[in-house]
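Let's take a friendly walk through this fold, one stop at a time. Please keep the viewer open as you read.

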Amino acid sequence: TVSETQAPLSDGIELVVDALVANGIDTVYGVVGIPVTDVARVAQARGMRYIGFRHEQSAGHAAAAAGFLGGRPGVCLTVSAPGFLNGLVATANATTNCFPMIQISGSSDRAVVDLQRGGYEELDQLATARPLVKAAFRVERVEDVGLGVARAVRTAMSGRPGGVYLDLPSTTLGAAIAADEAARSVITVVDPAPRQLVSLDALNRAVEVIESARRPLVVIGKGVAQARAEHVVTELVERTGMPFLPMSMAKGVLPDGHPQSVAAARSMAIAEADVVVLLGARLNWLLGHGRSPQWAEDARFVQVEVEPEELDSNRPIAAPLVGDLVSVVGQLATALRPGGIRIDQGWLDRLSEHAARNAAKMAARLAADVSPMNFSTALGAVRDVLAAHPGTILVNEGANALDFARDILPMTMPRRRLDCGTWGVMGVGLGYAVAAAVETGLPVLAIEGDSAFGFSGMEVETICRYGLPVTTVVLNNGGIYRGDDPSQAPPQPAPTALSPSARYDQLAEAFGGSGYHVETPTELTKALEAAYAEGRPAVVNCVIDPTAGTESGHIGGLNPQRAASAA
Ligand SMILES: Cc1ncc(Cc2csc(CCOP(=O)(O)OP(=O)(O)O)c2C)c(N)n1
Ligand SMILES: [Mg+2]
C-alpha cells in the first residue's frame, strides 16, 4: 500500500515483467511455485500469455521452440533448485540447437545458500547452469533487473543464438524500488542480432572455390530456418542450379519436392560432391563429421557460419564466410555469376535417377497392404493427410518414429518441422507442440514414438486445458525401438519393452480431448481428418507391428561395438 505522501513503489516481480514486455516478449512458459508464482500472475495482468505446464522440461522446450519459430527469445519460468534443474535440460538443448531462449528462475536467499546453511531448495544455480548454457547471469540488486533481462535478450539472440540462464534470487524479486526509478531502469534492446557482412576478400575466395566446382552441393542447416534466410538461400540455389540437401529442421526452406533437392539421393550426393557449401549447418555427427568415406577425401568446403570457432571443427574450411546468414548468403548470391559454375550435367542426371529410384521404392513401401501397420504404411496415410493441410507444423521424435517420418513426410514451408535436433533429445514433443500452436495458431501434428511420447505425455493435460489444435499420433510398437525384444530374465520385461496394449488415446479422453485407437491406414486417415475438422486436442493411438523397428533406428552404429561378445 502507498500512503498519500509516499512515492509509488514497484518491486523485482513487477520489474522483470516490465522488462520482458519492453523487449517484445508476449508469452511465458513455465511451472509456478516459490518464489515465482506472482511473476506469472503479474505477467498475465500485464496482458502477457502465461502457459502453465506439468513439468519444467516441457515448458523449457516450449520456450526454445518459440525462439526458433518467433525470431525473438522464448521465455521459460521455473522455481528454485529442482524446478530450475528440470528446466535446465531444455536450456542446454536450446544452446545445442542454437535456439534463442531465456530460462528465468527464482533462487533461494544468497545469504543462506552461499554459507550452505541448509536453506529451502538450496542450490548455487548460477554455477550449475554456467557450463551448460550460452551465458548465465544473476541479478542481486532490484535496480539491475532491467539490465539483466536486456543482457539475456541480446545474448540469446546475437551471434550464434542459444539458451541464457537468468537467476533471480527471492530477495531480488521481493525488493521494493520507487516506481519512477524502476521505469528508468528498464532497457529495451536495440537490434539484438546485428547484421554481419563478410569482406570482399572472403567473398571472392568463396566465389573462386564455388565456381571451380563440377559437382557442387549446398547443405541447408536449421540455422537458415532460424535466421529466416529462406529467400536469399532460394535465390542462391535457383540462380546457380546447385543441388541442395536440407537437414531435418531445414526441410521446407525450399520445398522438399523442389527439382534441385537431392534428399532422396543423400548418400550419393555427399560421397561425390567436390565442393560443399554449408549454410547454417555444422559438420557434426549428423553429417558424419565431414569425414570420408561418407564425404570425398578431396572435397572442399565453403561455410557460412556466424560463430568463427565452429570453422575447421571437423574439416578444413577452404572458404570461411563469417557473418549472419541473411547478409552473407545475399552477398554470395549476388557475387556468383549466372552460369559461372559449370556443373557436370551427367552427375545431376545420375543424382536424379538415383533419387527417382529411391522414391519409387519408398512409394511401394507406403502402399504395401500389410497388417498390422508398420512405420511406412502408417506414415503413408499421414503423408496424404498432411498434403491436404500444408500449413501444419510437424513435431517428431522417437527413433524409428523419427527416421521414417523425416524421410516420408515432406515439408513445403520453412519452420514447419520441429524434432529431436542436434542432441537427439527425447521429451521435446509436447512442449514443442504447445509452443507451435500458441505461437502460430496453426494446426500441429506431433508424430511420436511410444517411448518418446512418455517423456512428456502428461502435457496432454496442458494441451487440453488450453484447447490447442494439437493432434498427437503415437506410433505404438510397444517398445523403445521395437516391442518384441526378448527378456534376458523372464518374467521381467525386456529393458526396451513398453506396455504392448497401451491405450494412449484414452489419456486425451481423461482430460476432455478426443482419443482415437487405430489399427489400419484407413482408420488412421479417418482419425486424422476428424481431428483436423475438430481443431482441438486429440491423441491417436496407432498400433504398429512390434517387429517393425530396428535398434536405435538409423544410428544403431553409435552403440558400443562389443568385440568381446562378438568373439
Ligand atoms: C532424454 C533421452 N532419454 C533417452 C534417450 C535414448 C533414446 C533414443 S530414441 C528413444 C525412444 C525410442 O523409442 P520410441 O518408441 O520413441 O521410438 P521407436 O523407435 O519408433 O520405437 C530413446 C529412449 C534419448 N535420446 N533422450
Ligand atoms: Mg516405440
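Helices here are DSSP runs of H or I with at least four residues, numbered from the N terminus, and their axes are lines fitted to C-alpha atoms over the stretch in contact, with angles from 0 to 180 degrees between N-to-C directions. This is a predicted model, in which local features need pLDDT of at least 70 and side-chain atom pairs pLDDT 80 or more, while totals for chains, interfaces and linings use all residues. Residues are numbered from 1 along each chain as its sequence is written, chains are lettered from A and ligands numbered from 1 in the order written, and side-chain values use heavy atoms, without hydrogens and water.

Start with helix H3 (residues 56-70) and helix H4 (residues 82-97), whose axes come within 7 Å and cross at roughly 30 degrees. H3 and H4 are therefore roughly parallel (an angle under 35 degrees). On the H3 side, the contact (heavy atoms within 4.5 Å) is made by Glu56, Gln57, Gly60, His61 and Ala64. H4 contributes residues including Gly83, Asn86 and Val89.

Now move to alanine 225, in helix H11 (residues 222-226). Alanine 225 counts as buried because its relative accessibility is 0% (buried means under 20% relative accessible area, with a 1.4 Å probe and protein chains only). Beyond its neighbours within four places in sequence, alanine 225 is in contact with Phe68, Met249, Val253 and Arg415.

Finally, find the magnesium ion (ligand 2): its protein donors are Asp450 (OD), Asn477 (OD1) and Gly479 (O), at 2.0 to 2.2 Å. Donors are N, O and S atoms within 2.8 Å of the metal (3.2 Å for Na, K and Ca); water is not among the atoms, so sites may look incomplete. Asparagine 477 is buried, at 3% relative accessible area.

Notes:
Helices (H or I, at least four residues) and strands (E, at least two) are DSSP runs, numbered from the N terminus. Angles under 35 degrees count as roughly parallel, over 145 as roughly antiparallel, 65 to 115 as roughly perpendicular and the rest as oblique. Buried means under 20% relative accessible area, exposed over 50%, partly exposed in between (1.4 Å probe, protein chains only).
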